[in-house]
Amino acid sequence: MPSASCETLLDDIEDIVSQQDSKPQDRHFARKHILPKARRRNTQMCLQEEDSPPSDSTIPGIQKIWIRTWGCSHNNSDGEYMAGQLAAYGYKITESASDADLWLLNSCTVKNPAEDHFRNSIKRAQEENKKIVLAGCVPQAQPRQDYLQGLSVIGVQQIDRVVEVVEETIKGHSVRLLGQKKDNGKRLGGAPLDLPKIRKNPLIEIISINTGCLNACTYCKTKHARGNLASYPIDELVDRAKQSFQEGVCEIWLTSEDTGAYGRDIGTDLPTLLWKLVEVIPEGAMLRLGMTNPPYILEHLEEMAKILNHPRVYAFLHIPVQSASDTVLMAMKREYCVADFRRVVDFLKEKVPGITIATDIICGFPGETDQDFQETVKLVEEYKFPSLFINQFYPRPGTPAAKMEQVPAQVIGERQQVLVTEESFDSKFYVAHNRFYEQVLVPKNPTFMGKMVEVDIYESGKHFMKGQPVADAKVYTPSISKPLAKGEVSGLTEEFRSRHGGPLSSTSQGVLAGSRVGLWLQRLPQDGALMVSVGLTLLALLLAFFVKLYN
């Protein structure tokens with residue numbers, strides 16, 4: 001949290017930076033044109049002033065920044081753009097959260113666990129006295145949540161001004177910038193596409209072709225953040241692709257909340273864009289198309305099949321079905337029926353041999369019956385989707401589905417007792433196991449380590465499950481004593497200590513544990529002649545060792 005002297009809360013950065021004021025980037029590039037006045041100063045002062053300022057200085061542009069992004073490829077692209085702009089202005093983007101002066105947390109609002117991780121990261125940053133800037137769909141959709149108060153926020157359409165928000169946060173201000181990009185009153189796709197960027201993978205360029213969508217799904221919180229459909233012009237997207245290839249990129253991902261709806265707001269369509277992009281893809285490079293909902297791909301099936309057969313386009317399409325029950329789809333307001341989904345998949349499988357169709361399923365949507373669920377199971381068994389994302393329904397605040405009668409969590413997935421013993425390789429979860437020794441990932445709550453925790457299984461992967469701790473569930477401590485610290489020696493019983501003459505120092509323990517000679521000497525009879533003989537033998541061995549060492 002900001003200190004008492006830095007609690008100024010501004011609703012918008014425009015309160016301190018007007019359109020007429022120079023931007024941080026302008027001031028940065030203007031520095032080289034400033035001629036300093038010559039003045040006398042002693043050598044000691046000169047040396048002090050030439051030293052680099054400390055990293056916790058309030059001078060913007062020199063701090064270390066750690067960026068954490070959750071969620072979809074659109075969100076990851078936003079994170080790459082923000083990192084690029086900050087680095088271009090002089091900030092150092094670090095992989096170490098502990099070394100950073102400021103944390104930029106780029107959130108996802110699709111599911112409860114993602115927001116839980118976001119909230120926990122904010123708490124951790126506050127505990128470590130880090131400066132904080134929040135971004136992504138959570139603060140954009142619900143900026144008035146209690147845990148966001150007093151913190152700087154940058155909206156999803158304002159990422160081109162991240163340097164300004166970070167600069168003011170470094171100075172101690174708490175600012176918010178949540179407006180929409182517009183041109184003559186018409187909403188734009190978002191920040192310009194030609195901004196500096198740091199790609200997580202230098203070989204892959206993620207291009208957001210539009211923001212928002214045309215649907216109003218009753219469970220979706222992302223709509224509250226990204227809004228209605230707003231597409232980028234084709235020429236801007238083609239220019240971005242060309243620039244990417246010139247920078248060594250060999251794979252382009254097209255992303256948005258619904259790629260199939262692209263262009264409907266600007267008088268064009270997705271196939272038109274794709275044919276223009278295919279023209280500029282060099283040989284040896286590939287294009288991957290992102291998620292599209294069934295309604296907006298139906299009218300372009302013939303053209304889409306031709307494009308997906310192109311040698312420089314992956315024969316892959318992500319088409320979420322969510323449920324194979326028309327009753328559930330109607331409650332979701334998905335604007336298609338199962339027959340529409342089947343038509344799209346059947347046509348593409350026939351016209352694009354070997355195509356990979358990925359799909360999503362939501363389990364436990366309000367009102368879903370066992371029969372509804374079995375219809376979805378039958379669809380999965382029939383099509384055997386090579387890529388299938390199954391998620392538990394989460395009631396997101398402010399959505400119509402959150403007000404519907406909920407399906408109990410234990411009906412969706414099993415409730416299990418798991419023992420937490422490790423941290424995952426990516427350090428994002430704790431690793432636990434159920435009684436069948438199946439791996440269950442749980443949130444990184446320090447109180448869980450070494451404990452038996454009750455969780456609801458909400459997601460599964462190829463080699464793991466994910467569990468959400470049951471609210472107010474009892475946490476069991478299996479051990480009767482506090483576990484030893486990492487690296488602490490076990491087995492130092494009273495019998496061991498008495499046999500070795502009382503408590504041993506850590507150095508003595510190491511010597512005795514690593515030296516069989518030491519243990520052997522302790523067991524020798526107390527015979528003077530034998531001890532002299534042993535001593536001479538050891539001395540000879542030492543002399544031979546040093547002779548060999550120096551030769």
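## Strands, sheet and helix pair in a predicted model

Strand β1 (residues 64-69) and strand β3 pair in the parallel sense, and 5 bridges join them. One point of reference in this pairing is W66, which stands opposite W103 in β3.

L105 has L134 of β4 as its bridge partner, and N106 stands opposite A135 in β4.

The burial of these strands may be considered next. In β3, 6 of the 6 residues are buried, so this strand is largely enclosed by the rest of the structure. In a regular strand, side chains alternate between the two faces of the sheet. In β3, L102, L104 and N106 point one way, while W103, L105 and S107 point the other way. Residues of both sets are buried. Strand β4, which spans residues 131-136, is mostly covered, with 5 of its 6 residues buried.

Between β14 and β15 (residues 356-363), the parallel pairing runs over 3 bridges. Within it, L317 stands opposite I357 of β15.

Two packed helices are described by the angle between their axes and the distance between the axes. Helix α12 covers residues 338-351 and helix α13 covers residues 370-383; their axes come within 13 Å and cross at roughly 5°. Angles under 35 degrees count as roughly parallel, and α12 and α13 are therefore roughly parallel to each other. The contact is formed by F341, R342, V345, D346 and K349 of α12, together with L379, E382 and Y383 of α13. By class, this contact has 4 nonpolar and 4 charged residues, with no polar residue.

For the chain as a whole, the secondary structure comes to 18 helices and 21 strands. Of the 551 residues in the protein chain, 46% are buried. Among contacts between residues at least 6 apart in sequence, 71% join residues at least 24 apart.

Finally, the confidence of the prediction deserves attention. The protein chain averages a pLDDT of 83, and 79% of the residues score at least 70. Over residues 1-21, however, the pLDDT is below 50, and the model gives this stretch 35 contacts beyond near neighbours in sequence. Residues 504-527 also have pLDDT under 50, with 19 contacts beyond four places in sequence. Where pLDDT is low, the predicted coordinates should not be read in detail.

Key:
Residues are numbered from 1 along each chain as its sequence is written. This is a predicted model: local features need pLDDT of at least 70, side-chain atom pairs count only at pLDDT 80 or more; totals for chains, interfaces and linings use all residues. Side-chain values use heavy atoms; hydrogens and water are left out. Axes are lines fitted to C-alpha atoms, for helices over the stretch in contact, and angles run from 0 to 180 degrees between N-to-C directions. Helices (H or I, at least four residues) and strands (E, at least two) are DSSP runs, numbered from the N terminus. Angles under 35 degrees count as roughly parallel, over 145 as roughly antiparallel, 65 to 115 as roughly perpendicular and the rest as oblique. Contact means heavy atoms within 4.5 Å. Ala, Val, Leu, Ile, Met, Phe, Trp, Tyr, Cys and Pro count as nonpolar, Asp, Glu, Lys and Arg as charged, and the others, Gly among them, as polar. pLDDT is the predictor's confidence in each residue, from 0 to 100. Buried means under 20% relative accessible area, exposed over 50%, partly exposed in between (1.4 Å probe, protein chains only). Two strands pair if DSSP finds at least two bridges between them.
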